[in-house]
Amino acid sequence: MKKLLFFSALCAFLLCGCSESSTSSSSGLQKSNFFAMDTSIEFNIYGDASLLKEAQNVLTDLESEVSVTDPDSEIYKINQDGTGTLTGNAGDLMQEALEMCRRTDGALDISVYPIVRAWGFTTEEYQVPEETEIESLLPLVDYTKIQYDTATGTVSIPKGMTIDLGSIAKGCGGQLAAQLLREKGVTSALLNLGGNVQAIGSKPDGSPWQVGIQDPTGDTPMMVLSVSDQAVITSGGYERYFEQDGKTYWHIMDPSTGHPADSGLCSVTVVGKDGGICDALSTSLFVMGLEKAAALWQQSNDFEAVFVTDSHEVYITEGLKDCFALTEDHADTNVKVLEK
């Protein structure tokens, strides 16, 4: 049995085009690299260097509240006791996550954690679980059984259920960090949370930020999106996977089957103003597949998307037509525009 795990530190390669660097100027480029939310993070801001630490604290504070593995986190205690209270940003995160579960009709389900664990993606002890084990866990995967009182922050879950807000936490964390920086007067920044990219404004020269989207079958950018003041978040099977008996199994699970999503897509990128929404959608649209994902986009007005199929075709929603470009190495890729 052959097993291989590949972690892509960046789902999107940042093509910032910045050469300016400063550690003391209040208007120069300030950089910070750190590890949080189980990923490598890089902040690039034009502003006071002290703001880097403040923005970093936004993420680490949120992580301490919603970590599934930290015994001191509010989520951990709820999973252990079956009930508990969420406060502050953690409560807001829960509310938004449940809204996205409903909006995607369960393609996103924050109670899928036991399934992910059974496949070994939480422990790095990768395996294909027995079908009987999957069938025994599936009744615990049902976000509709989560009781959440938005007024008090009280959460109650059935015995044996485990909730995990990881599918939306990085996007929301980036959104909160960007909000803080804007309030502190930053008008130009690029925050990269392991491929979850949050752009504040444009580059200092007024041109848009360029965010490269990785080729799902390689290590080079396949396309470039030019964005300003938006989040760009990618989910792909290439991010985390293992191989067993010649077959590849990735970490994006279909909550309805308990198996890795098999939707005909290998990469989904979502672009929009709200990082939390984009984060949740990048995963759920991957699970839905192109047809259902396109239908959801047609009913919505808060995001655009790029879909890469297993056959390496690219579909982009019409709102990205003027800010999308293939890289030179992928210039012959078949691209189709989805319209409303």
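The secondary structure of the chain comes to 8 helices and 20 strands. Both are DSSP runs, numbered from the N terminus: helices are H or I with at least four residues, and strands are E with at least two. The radius of gyration is 20 Å, close to the 20 Å that the globule rule gives for 340 residues, so the chain is as compact as a globular protein of that length. That radius is taken over C-alpha atoms, and the rule is 2.2 Å times the number of residues to the power 0.38.

This is a predicted model, in which local features need pLDDT of at least 70, side-chain atom pairs count only at pLDDT 80 or more, and totals for chains, interfaces and linings use all residues. Residues are numbered from 1 along each chain as its sequence is written, and side-chain values use heavy atoms, with hydrogens and water left out.

Now the overall build. Along the principal axes, the C-alpha atoms fill a box of roughly 55 × 45 × 40 Å. Of the 340 residues, 54% are buried. Buried means under 20% relative accessible area, exposed means over 50%, and partly exposed lies in between (1.4 Å probe, protein chains only). Take the contacts (heavy atoms within 4.5 Å) between residues at least 6 apart in sequence: 60% of them join residues at least 24 apart.

Next, the surface and the charges. The chain exposes about 14700 Å², and carbon and sulfur atoms supply 45% of that area. The areas come from the Shrake-Rupley method with a 1.4 Å probe; for residues, only the protein chains shown count as cover. The chain carries 21 positive and 49 negative charges, and their mean positions are 1 Å apart. Lys and Arg count as positive, Asp and Glu as negative; His and the chain ends are not counted. Each charge is placed at NZ of Lys, CZ of Arg, CG of Asp or CD of Glu.

Most residues other than glycine have a negative phi. Asp-38 has a positive phi, near 65°. Asp-38 sits in the loop between β2 (29–36) and β3 (39–46), and is exposed at 55% relative accessible area. Asp-105 also has a positive phi, near 55°. Its loop runs between α3 (88–103) and α4 (113–118). Asp-105 is exposed, at 69%.

Last, the cysteines. How many disulfides does the structure hold? It holds 0, a disulfide being a pair of cysteine sulfur atoms within 2.5 Å. For Cys-323, the nearest cysteine sulfur is that of Cys-278, 13 Å away. Cys-323 counts as buried at 18% relative accessibility. Cys-266 is buried too, at 11%.
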